[in-house]
Amino acid sequence: MERQVSEDSFLSDDFLRQLISVGNVDLLVGILSRNDSSTIGKVVSAAEEALLRKFPRERIALVHVDGGSKDGTSEALKEASTLGASSGMGSLRTLRWISTGSDNSWQPANMVRTVLTAADLLHAKGCAVLAASTENPTPSSVESLLHPVYREDYDFVAPLYSRHKYDGLLTRNFLYPLCRALYGKPVRELRASEFAFSGRLAGYCLSRGEWQNEGLQGGAEMWLAITAMSNGFRCVQSYLGEKPRAKSNAGVVDAIRHAVNGLFWCLESTESYWLKGAAPDSLPTIGPEHKLTSESIRVERKRIFQMYKSGVAELSQILSGILNQETHAELNRLADAGEEEFRFSNALWVRIVYEFAAAYHHSVINRSHLVQAFVPIYRGRVYSFLTQHRSAGSDAMEADLENLCQEFDRQRNFFFERWRTKGQGAS
Amino acid sequence: MKEMIVHAFQQAHENFARMLAEFLPRLLVMLIIIAIGWLFAYVLKFLVRAILRISRVDKVSEQAGASRLLRKAELPAMTELLSRAIFWIVWLGFIMVGISVLGIVSLQQQIASLIGLLPQIFVAFLILFVGMLAANFFSRAALLAVVNAGLPSPKVFSETIRVVIVLLTVSMALEQVGLGRETILIAFSIVFGALMLGLAIAFGFGGRHLARRILEKRFLGNEKHRDDEPSPL
């Protein structure tokens, strides 16, 4: 127990006592929740079933980390558990339930850190993190996360999903291609709520002094993935099945803000790695490649287009301080285009992403404001994407994504230059 | 008669010569103090500028949005502005000390009261500066929030916030230097009250449907499921 936790005080005494009473384990499953009483039961059942069926002889700890639920999430978990979540002990005495939480809202990074610390303290060989909000968890998806770290010696497992072609557009247009261009690894789901990691990676991440940094708070999962990629840990993608569409689009802006801020912050904290120019590398995939579905859904394109146009016009002064004159002028010209002829080219999109990242690095304005100014531009890109791919099939969309990735590669040196020297805003 | 006139002239001449003999050395001392003050202030300006450059004040000012404000007002960068301010404050102090050497009683009183006001004027400028920064920051935050939420008239929201903060700041600064305290208080109360009342009426008439939706969403949780924007992640 002399590990990284010794100098940390963010864990409660009760939680530490529970951990000490468990001793060493082979596997650890962390379930993160916040007001997820309606879904946590399914996640718990899937996790318990997977562990009983696929890892019957392993010593296992299930750790529930609650970020301040007010809707009886913990009670729902206890009701759903058949392996002793209420008593803390599994029937076989090789499976133990531990829980911790906070009365106040915990930052997601603290919740991830709690699981990492528990894994490190219990000397777990492999650990999976599940989100209690997952709509359709299956035992096989839990197994798909744990198997590579426990049996195949991988250090980080990123999920792969089958999902609707209009979902995850920030991931598809921004997180994936940018990460691939700079880190060389094609991780599809960089900011996933389900992932797995080895005890080695947990120990390494806990030893880093970045946990208090504000940039980490919105994207600890992303930081974990990037830390694994940029420090020689073995990474893999594992197919988990279908990812259902989000029930509500509430919090879209916050999700964009956290993802963009998180990735820009990660770029800054790992610049010594990617500024050398990481060579493109493949990433092993377990199970089928991800799939795109295209059932009919209702999207208000017109509203997205209007929000882009008004956003670019209203934020013109702010954007002029972030983008260089030419890029800003091109963006304004584009905003004057009509709905039908509107096309947000890959070249312009990539240039804007790189200029925003460099402006973030040079802190040309308050960073939180900078990231928010990115939202209307993203909406413009989304509108263009929706229009272009209205009737596109999976192959055409993959080809388009490949073109986008190549554009990110092509403009990489421009970005390096911009990153190293402070760029010129229009004002 | 003639002797009396000559005597009076002699007296006046002697008085003038005596006064001049007393005044000229003081004037010289004043000029020397002012010159030394200029030199001292100039050296101090260079030192302050160097220290501010080392501590990267311009970068902090850029981040906080202060540099943009200064550019708008056609003022120099923060480092230059602060070092020039130090120069003038120090030199003005020396000038006032120099003038006091002249021994003109009424002038001395004026200078004393002006020196007494200096700390308050300095604090008032500080309040103005911080207030302008806050106005800039919060109006920009409001603009971004309203634009991203897709609400109408983002500039109106943003400028209203700016005006309210600037009003508050100016009234606080004037209060600090003690200029027409009651008048300022009354004027601020009237303007602020009128602004809030105007906004309340405008929101009541123009935004009652929006208000209803917000209240229903907050307290009844019956926001209909809308699929108008694809999930970003």
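This is a predicted model: local features need pLDDT of at least 70, side-chain atom pairs count only at pLDDT 80 or more; totals for chains, interfaces and linings use all residues.
Start with chain A. Two domains make up the division of this chain: domain 1 covers 4-292, and domain 2 covers 301-420. Going by C-alpha atoms, the centres of domain 1 of chain A and domain 2 of chain A sit 30 Å apart. The two domains do touch, with 22 residues of domain 1 of chain A in contact with 23 residues of domain 2 of chain A.

On the domain 1 side of that contact, three elements of chain A each put in at least two residues: helix H6 (169-183), helix H10 (252-269) and strand S9 (291-293). H6(A) has the largest share here, at 9 residues.

Now for the contact between the chains. Chain A brings 39 residues to it, and chain B brings 23 residues. On the chain B side, the elements giving two or more residues are helix H2 (57-64), helix H5 (105-149) and helix H6 (154-177) of chain B. Of these, H5(B) gives the most, with 7 residues. Sorted by class, the side of chain B that touches chain A holds 9 nonpolar, 8 charged and 6 polar residues.

How values were computed: Residues are numbered from 1 along each chain as its sequence is written. Chains are lettered from A and ligands numbered from 1 in the order in which they are written. Two residues are in contact if their C-beta atoms, placed from the backbone, lie within 7 Å. Helices (H or I, at least four residues) and strands (E, at least two) are DSSP runs, numbered from the N terminus. Ala, Val, Leu, Ile, Met, Phe, Trp, Tyr, Cys and Pro count as nonpolar, Asp, Glu, Lys and Arg as charged, and the others, Gly among them, as polar. Domain bounds come from an automatic or database domain assignment.
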